[in-house]
Amino acid sequence: MSNFETVGMQILQPAVALMLWTMVMWVWMYATRIPAMQKSPDIADPAKLVGTTGAGLRAKLPEKVNWKADNYNHLHEQPTLFYAVAVILAIIGAGDGPNALLAWIYVGLRIAHSLIQVTANKVIVRFILFALSSVVLIALIGKAAFVVFA
């Protein structure tokens with residue numbers, strides 16, 4: 001491991017891992033979206049898409065392609081709280097041990113959520129993974145609140 005162990009900053013590792021995963025999803029999104037756009041009879045001339053909305057494009061692409069974009073968007077929603085609490089815990093020196101473990105669990109659950117959403121997209125499985133990750137995030141926020149307000 002790195003010197004993060006001694007300064008309470010281990011939690012930055014899972015935070016960076018989730019950032020890397022978000023970029024993996026960005027690549028996956030465009031690796032499927034661009035070919036789908038090229039094959040779509042509704043998008044014969046991409047120049048005509050100027051000024052259209054995401055909803056307009058969504059209607060012209062297969063759902064399996066849209067699932068990647070949906071997940072990429074989801075990785076910019078709740079995880080923003082995760083990044084904030086990770087930085088707070090690191091700053092106050094409480095980002096190691098159990099908090100780092102919880103952070104890794106959160107990241108693992110979010111990656112599992114991504115993989116389900118972009119492949120099978122079973123809503124109940126996604127919901128369970130999202131709910132579990134939310135409970136872990138609530139625990140991290142609670143731990144940060146306890147230290148900050150103590």
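**Helix 2 against helix 4**

I looked up which residues of helix 2 and helix 4 are in contact (heavy atoms within 4.5 Å), and I found that Thr-22, Met-23, Met-25, Trp-26, Trp-28, Met-29, Thr-32, Arg-33 and Ala-36 in helix 2 meet Val-65, Asn-66, Lys-68, Ala-69, Asn-71 and Tyr-72 in helix 4. By class, I read nine nonpolar, four polar and two charged residues in the contact of helix 2 with helix 4, where Ala, Val, Leu, Ile, Met, Phe, Trp, Tyr, Cys and Pro count as nonpolar, Asp, Glu, Lys and Arg as charged, and the others, Gly among them, as polar.

I note that this is a predicted model, in which local features need pLDDT of at least 70 and side-chain atom pairs count only at pLDDT 80 or more, while totals for chains, interfaces and linings use all residues. Residues are numbered from 1 along each chain as its sequence is written, and side-chain values use heavy atoms, with hydrogens and water left out.

For the geometry, I took helices as DSSP runs (H or I, at least four residues), numbered from the N terminus, and axes as lines fitted to C-alpha atoms over the stretch in contact, with angles from 0 to 180 degrees between N-to-C directions. The axes of helix 2 (residues 12-39) and helix 4 (residues 63-74) come within 9 Å and cross at roughly 150°. That makes helix 2 roughly antiparallel to helix 4, since angles over 145 degrees count as roughly antiparallel. I also recorded the crossing of helix 2 and helix 4 as left-handed, the term for a near helix turned anticlockwise from the far one by less than a right angle.

**Helix 4 on its own**

I then listed its buried residues (under 20% relative accessible area, with a 1.4 Å probe and protein chains only), which are Val-65, Asn-66, Trp-67, Lys-68, Ala-69, Asp-70, Asn-71 and Tyr-72. These buried residues pack against helix 2, helix 3 (54-58) and helix 6.

For helix 5 (residues 79-91) I made the corresponding length check, and its 13 residues should span 18 Å, which agrees with end C-alpha atoms 18 Å apart. I found Pro-79, Phe-82, Tyr-83, Val-85, Ala-86, Leu-89 and Ala-90 buried in helix 5, and what covers them includes helix 2, helix 4, helix 6 (97-118) and helix 7 (123-149).

Turning to helix 2 and helix 5, I read axes that come within 9 Å and cross at roughly 155°. That makes helix 2 roughly antiparallel to helix 5, and helix 2 passes helix 5 in a left-handed crossing. In this contact Leu-12, Pro-14, Ala-15, Leu-18, Met-19 and Thr-22 of helix 2 meet Pro-79, Phe-82, Tyr-83, Ala-86 and Ala-90 of helix 5, and the residues divide into ten nonpolar, one polar and no charged.

Helix 5 and helix 7 pack at an angle of about 35°, with axes 10 Å apart, and I noted a left-handed crossing for this pair. Here Leu-81, Phe-82, Val-85, Ile-88 and Leu-89 in helix 5 meet Leu-137, Leu-140, Ile-141, Ala-144 and Val-148 in helix 7, a contact with ten nonpolar, no polar and no charged residues.

**Single residues**

I looked up His-113 in helix 6 and found it buried, with a relative accessible area of 4%. Not counting residues up to four places away in sequence, His-113 touches Asn-71, His-74, Arg-126, Leu-129 and Phe-130.

Most residues other than glycine have a negative phi. Asn-121 sits in the loop between helix 6 and helix 7 and is buried, with a relative accessible area of 15%.

Finally, I placed Val-7 in helix 1 (residues 4-7) and read it as partly exposed at 44% relative accessible area, the class between buried and exposed, which is over 50%. Val-7 and Ile-91 lie 84 residues apart in sequence and 9.3 Å apart in space, C-alpha to C-alpha.

Terms used
Helices (H or I, at least four residues) and strands (E, at least two) are DSSP runs, numbered from the N terminus. Angles under 35 degrees count as roughly parallel, over 145 as roughly antiparallel, 65 to 115 as roughly perpendicular and the rest as oblique. The expected span of a helix is 1.5 Å times one less than its number of residues.
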